[in-house]
Amino acid sequence: MLVRQVVFPRANEVQLEEVEVDLTPAENEIVIRTLTTIVSAGTELACLAGLADWAPFPFRPGYGAVGEVIAVGSNVKEIKVGDIILTNSNHASHAKARVIAVKVPEGLDPVKAVFARMANVSITALRVSDAELGDRVAVIGLGLVGNLAAQLFQIAGCDVIGLDKVSKRLEVAKLCGIEKIVNTEEVDPVQAVMDLTEGKGCEVVVDATGNPAATLLAPKLAAKYGEVILLGSYFGRKLEANVTELLEQIHLSGHGCITFKGAHEWRYPVKESREDLLPIERNAHLYKHSYERNAKINLQLIAEGKLKVEPLLTHLVKPEQCAEVYFGLRDKPAEYIGVVFDWRSEAT
């Protein structure tokens, strides 16, 4: 079948190409006709710039998709032709779901549903943290990942403060229900957070920027014995600094004794259960959470209107606009936040 897909042929070049692809599913594969795909600005722009060593050119980007199932392999049991699913796939008119396939709640707009892919990144910060009802949480960086993380911590009952230097992102955060915001271009972020927390700081600080410099700011916002959650990926971006102060903040009680935790989404198993394991072996994994479970929860939160994604959608575009939106994400962060490709006009 002829499939249209976005490709980065070389660094800082974007094209939409048409290629012949065999879409016959293997026994565990699911084939979809894509409805929507969402752009992960941090990851995909790093790939476009050639900063990700695991993404050699030509590279076919993509992060998450919602699609209609058009074929399933012989071993696929819970998904059938006609289902609408969330999966991880490239920006393409048709694709195979190999890793994850979660049914989208009936009636949920695929433009909204695809944001669950980004929420699956964000929810990891909540999962790895020790945050409890009433805890104060600062989220540095209010792009897609940071905004959704802030919302998820707030849904969990935390008192959330969002920080960013881009006014548009702060405005969108307010529309999503994050009331306490700090413009780091206008005020001292440390003083602002201390003013909002009675001088105590936050029990949890989330770095969702992908900028390693934020790791120097984060512990200054934390309460004593608090924790810093590293949610953004740094993709080899370098930071030159004297790390002694940072190490003292981690090690010394008098300097905070701050705990740092990584929150990469793939730290958890993909599936909720492994049918090929005996029950005792499944229990031995001691994992409450999984990627699949997180996706189901995020989809349901979006369907119920608790996790707000409408204000995050700044650009719903046709695949032909791919170069325009990638360079917009790169060069105009004040305008581009949530970019979704609409593939629904593509031929079946």
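Two strands are taken to pair if DSSP finds at least two bridges between them, where helices (H or I, at least four residues) and strands (E, at least two) are DSSP runs numbered from the N terminus. The model is predicted: local features need pLDDT of at least 70 and side-chain atom pairs count only at pLDDT 80 or more, whereas totals for chains, interfaces and linings use all residues. Residues are numbered from 1 along each chain as its sequence is written, and side-chain values use heavy atoms, with hydrogens and water left out.

Strand 9 (residues 159-164) and strand 10 (residues 180-183) pair in the parallel sense over 4 bridges, with isoleucine 161 having lysine 180 of strand 10 as its bridge partner. These strands belong to an open sheet of 6 strands in the order 10-9-8-11-12-13, in which the pairing is parallel. Strand 10 and strand 13 (259-262) form the edges, each pairing on one side only. From one strand to the next the twist averages 20 degrees. On its other flank, strand 9 is joined in parallel to strand 8 over 5 bridges, and isoleucine 140 stands opposite leucine 163 of strand 9. The chain passes from strand 8 through helix 4 to strand 9 in a right-handed β-α-β crossover; a crossover is called right-handed if, with the strands pointing away from the viewer, the path from the first strand over the helix to the second runs clockwise. A right-handed β-α-β unit is likewise made by strand 9, helix 5 and strand 10.

Strand 8 also pairs in parallel with strand 11, over 4 bridges, and valine 137 has valine 204 of strand 11 as its bridge partner. Strand 11 is in turn joined by 5 bridges to strand 12 (residues 222-230), and the two run parallel; here valine 204 is partnered by glutamate 227.

Helix 7 (residues 214-221) lies across strands 8, 9, 11, 12 and 13, running at about 150 degrees to strand 12. Axes are lines fitted to C-alpha atoms, for helices over the stretch in contact, and angles run from 0 to 180 degrees between N-to-C directions. The axes of helix 7 and helix 8 (residues 244-251) come within 10 Å and cross at roughly 40 degrees. This crossing is left-handed, as defined by the near helix being turned anticlockwise from the far one by less than a right angle. Contact (heavy atoms within 4.5 Å) links Thr215, Leu216, Pro219 and Lys220 of helix 7 with Glu245, Leu246 and Gln249 of helix 8.

The largest nonpolar core has 54 residues, and those with the most contacts inside it are Phe115, Phe153, Val206 and Leu231. Such a core is a set of buried Ala, Val, Leu, Ile, Met, Phe, Trp, Tyr and Cys residues joined through side-chain atoms within 4.5 Å. Elements giving two or more residues to the core include strand 3 (30-38), helix 4 (144-155), helix 5 (167-175) and strand 11 (202-207), while helix 3 gives the most, with 9 residues. Apart from neighbours within four places in sequence, phenylalanine 153 is in contact with residues including Ala125, Leu126, Val137, Val204 and Val206. A second, separate core of 21 residues includes Leu48, Phe59, Val317 and Trp343.

Helix 1 (residues 41-48) is largely enclosed by the rest of the structure, because 6 of its 8 residues are buried. The buried residues are Thr43, Glu44, Leu45, Ala46, Cys47 and Leu48, and what covers them includes strand 3 and helix 11 (322-331). Glycine 50, which follows helix 1, has a positive phi near 80 degrees.

Most residues other than glycine have a negative phi, and most peptide bonds are trans. In the loop between helix 1 and strand 4 (64-72) lies proline 58, which is joined to phenylalanine 57 by a cis peptide bond with omega about -5 degrees. Glutamate 198 has a positive phi near 55 degrees; this residue is found in the loop between helix 6 (189-196) and strand 11 and is exposed, with a relative accessible area of 67%. Tyrosine 225, in strand 12, has a positive phi of about 65 degrees and is exposed, with a relative accessible area of 53%.

Note on methods. Buried < 20%, exposed > 50% of the residue type's maximum accessible area, 1.4 Å probe, protein only.
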